[in-house]
Amino acid sequence: MPDRITHDILAEIVEIASDAVICMDATQHITFFNRGAEVIFGWTSEEIVGQRIETLIPERYRGSHARQVEEFGRSKVRARRMGERREIAGIRKSGEEFPAEAAISQVQQGDDVVYAVVLRDVTIRQRLEQRQRFLAEAGEKLASAFGSSETLTKVAQLAVPTIADGCILENRVGSGFLAGASAHVDPHIEAILDEICLAGARIPSKDHPLTEILNSRAHVLLQPSAASRLTVASASPSYLKAMTAMNPESALFLPLVAREQLIGALTLFRTHGSFDRDDVGFAEDLARLAALALDNARLHDTVRASLRARDEMVGVVSHDLRNPVAAVKMLSRMMLREQESGGAADRENIELIAQAAEQMDALIRDLLDVNRLDAGRLAIAAAPVDPSVLLTDSLQTLRPLVEEKGIDLDLQIETALPKVLADRERIQQTLSNLVGNAIKFSPPGSKIVVAVRSDREGAVISVLDSGTGIAVEHLPRVFDRYWQSSRTNRQGAGLGLAIAKGIVEAHGGRIWIESRPGEGTTASFTLPLAE
């Protein structure tokens, strides 16, 4: 064992070091370039030895760097260690700049001086520090969000442009997803992405990454050419339009999991470039943070909604049950007085009592359905069914009401329609609500059309009337619970459309209403095809 470390041993240690070790002479020409320097800068030793050190420094720093080395050589300082100098920048052979830390020493060899530089690439460390700061700030911002909708919006704004060019945040709805927020660096594309949020819930196809997330709860990375793969796997017109406009090179799908439940998905898009391993890890950290914040926001929303629903239900019960209960009490007393006086019970009074009881029973059923929707217990037993049979059976019980008011009911069914997945009883309930509204607001002698056709989303069922219509400012509220426009004179509790929406979305479809005052109303909803 030698007492001293030999030149060969030192050379081997320097050669295997991961830091760059570079030597230069008094004229600042490179004389030594180790393997670590080759890896960091991308130059081979043969290519760089003999060139000036400025080759490895961004152009804007070259003039001052040469002067600083000369001043260091004239000084009595033998070495400047890492951390004593401010952070510097290097430039790779590819032209890419990177942050670095460096130590420099000068060694006198006779009349000559040799400068030895040890340089460390701190790109990864700096990136990790920046991401930790970002996640800490993101946690503070998300903690201040008020409600799940605001939380989704803040997550989208955090993801773009920090991690991606665009993103879509979706809530899980049964076996599908409902987009709640989106963002993109290009305002024009962001407006197109917003259409996905307005399109309602969708069930992804079996070869779509979101289906894989439903099954595995693991991230899915598509690259390269993510756009072409997503276009093939997507059926929603708004989603197809967005993918075409955005044309992403890479797409990263991340599950949002809270309390061991999949509550949504975060999708990130890059128009150019790919997601590396560090990017995926960073995105997963953000997804975990987003899931926690979203779950907390949902719990907060649930508490607020429960309190609001309690107050609304008390109001509905006290208002809408009061009239039929008062009618039953009054008519019952009249019948009792007639019997005490020896008279016969009035058949008309008995029929009025029965109608009042039916009103109370209908209100109680609606309130129970709303409670089931809130608790996620609305029973849906979907099975393949012929749409023409489904509509014919559903409208059979409504025809007497139409005929009584002198309204025509026209059923239009597209030929060769495939079967749909539907719960017969629940869809009949939905159609009863929609057609019932059309009857309520259609004048005698008018016509109601119930039509079914197929499109990319499945089967589209529409109810068209030529009634009074709905004001534009009221359309966003038509599915709100207990809300009724001034035209209704409170015929019911205002729960029909809210329940219809819950039933349709539980099927994986969407429901919407189009209307203009004086021109009638069209209520439409989709059902998935059985295939």
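Which residues in α16 meet which residues in α17? Hi everyone, let me start there. Before the answer, two housekeeping sentences. This is a predicted model, so local features need pLDDT of at least 70 and side-chain atom pairs count only at pLDDT 80 or more, while totals for chains, interfaces and linings use all residues. Residues are numbered from 1 along each chain as its sequence is written, and side-chain values use heavy atoms, with hydrogens and water left out.

Now the answer. From α16 we have Arg-426, Ile-427, Gln-429, Thr-430, Asn-433, Leu-434 and Asn-437, and they meet Gly-496, Leu-497, Ile-499, Ala-500, Ile-503 and Val-504 of α17. Contact here means heavy atoms within 4.5 Å. By class, this contact has 7 nonpolar, 5 polar and 1 charged residues. For the classes, Ala, Val, Leu, Ile, Met, Phe, Trp, Tyr, Cys and Pro count as nonpolar, Asp, Glu, Lys and Arg as charged, and the others, Gly among them, as polar.

As for geometry, helix α16 covers residues 424-441 and helix α17 covers residues 496-506, and the two pack at an angle of about 145° with their axes 9 Å apart. The axes are lines fitted to C-alpha atoms, for helices over the stretch in contact, and angles run from 0 to 180 degrees between N-to-C directions. The crossing of α16 and α17 is left-handed, that is, the near helix is turned anticlockwise from the far one by less than a right angle; clockwise would be right-handed.

Let me step back to the whole chain. There are 17 helices and 18 strands; these are DSSP runs numbered from the N terminus, with H or I and at least four residues for helices, E and at least two for strands. Of the 531 residues in the chain, 43% are buried, where buried means under 20% relative accessible area, exposed over 50%, and partly exposed in between (1.4 Å probe, protein chains only). Among contacts with a separation of 6 or more, 61% come from residues 24 or more positions apart.

On to the aromatics. How many aromatic pairs does a search of the whole structure find? It finds 4. To pair, rings of Phe, Tyr and Trp (its six-membered ring) need centres within 6.5 Å; planes under 30 degrees apart count as stacked, over 60 as edge-to-face and the rest as tilted. Phe-33 and Phe-41 have ring centres 6.1 Å apart and planes at 45°, so this pair is tilted. Phe-41 and Phe-98 have centres 5.5 Å apart and planes at 70°, so here we have an edge-to-face pair. Together, ring pairs link Phe-33, Phe-41 and Phe-98 into a cluster. Phe-33 is buried, Phe-41 is buried at a relative accessible area of 2%, and Phe-98 is buried at 3%.

Lys-93 lies over the face of Trp-43, 5.4 Å from the ring centre. Arg-510 does likewise over Trp-512, at 4.1 Å.

Next, some backbone to look at on your screens. Most residues other than glycine have a negative phi, and most peptide bonds are trans. Here, the bond from Val-160 to Pro-161 is cis, with omega near 5°, and Pro-161 is found in helix α6 (residues 148-162). The bond from Gln-223 to Pro-224 is also cis, with omega near 0°, and Pro-224 lies in the loop between β9 (220-222) and α9 (226-233). In that loop too is Ser-225, a non-glycine with a positive phi of about 55°; Ser-225 is partly exposed at 39% relative accessibility. Glu-260 has a positive phi of about 65°, lies in the loop between β10 (250-258) and β11 (261-270), and is exposed at 66%.

Last stop: helix α8 (residues 209-216), whose buried residues are Pro-209, Leu-210, Thr-211 and Ile-213. What covers them includes β7 (166-173), β8 (176-184), β9, α9, β10 and β11. After α8 comes Arg-217, with a positive phi near 60°.

Methods:
Lys NZ or Arg CZ within 6 Å of the ring centre and 35° of its normal.
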